[in-house]
Amino acid sequence: MAENEPGPDPLGADPRLQSLDQRLRQAQAAEQQRAGTSERQADESYNLGNRVLAELLGGMIGGAAIGFVLDKVFHTSPAFLLTLLFLGIGVAFRNIIRLSRRSN
């Protein structure tokens with residue numbers, strides 16, 4: 001019954017709200033540009049993190065695998081395993097330090 005009663009016609013979208021939304025989007029874009037935050041930087045940081053993880057795991061796993069095989073071939077105690085594992089960790093850290101210096 002309320003729909004049959006006379007009254008003011010429903011208004012469309014308020015132009016003041018549309019203007020406010022537009023100004024808010026412009027202000028957010030300007031702030032992102034000023035602060036230097038964007039999706040591109042997030043992607044670059046994500047990729048760098050993955051690269052660091054791959055360097056660390058690759059050095060450790062590679063050194064341990066090669067050391068294990070050499071220990072089996074030469075019938076030695078885990079001397080090669082431990083030596084090449086620590087050597088792989090050292091190389092991984094060296095590569096990570098090189099990455100961090102290059103990204104700055």
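1. D14, in this predicted model, has a relative accessibility of 28% and is therefore classed as partly exposed. Its side chain meets that of R16 in a salt bridge, with a separation of 3.2 Å from N to O.

2. A second pair is found in helix α1, which covers residues 15-35 and holds both R34 and E31. These two residues form a salt bridge in which the closest N and O atoms are 2.7 Å apart, and they are three residues apart along the helix, or about one turn. R34 is exposed at a relative accessible area of 62%, whereas E31, with a relative accessibility of 38%, counts as partly exposed.

3. Helix α2, residues 39-74, contains R51 and E55, which are four residues apart and hence separated by about one helical turn. The salt bridge between R51 and E55 has its closest N and O atoms 3.7 Å apart; because the criterion asks for a nitrogen within 4 Å of a carboxyl oxygen, the R51 and E55 contact is counted. R51 itself is partly exposed, with a relative accessibility of 41%.

4. For the structure as a whole, the search returns three salt bridges. The pairs described above are D14 with R16, R34 with E31, and R51 with E55, and a colleague inspecting the coordinates may wish to view each of them in turn.

Key
Residues are numbered from 1 along each chain as its sequence is written. This is a predicted model: local features need pLDDT of at least 70, side-chain atom pairs count only at pLDDT 80 or more; totals for chains, interfaces and linings use all residues. Side-chain values use heavy atoms; hydrogens and water are left out. Buried means under 20% relative accessible area, exposed over 50%, partly exposed in between (1.4 Å probe, protein chains only). Helices (H or I, at least four residues) and strands (E, at least two) are DSSP runs, numbered from the N terminus.
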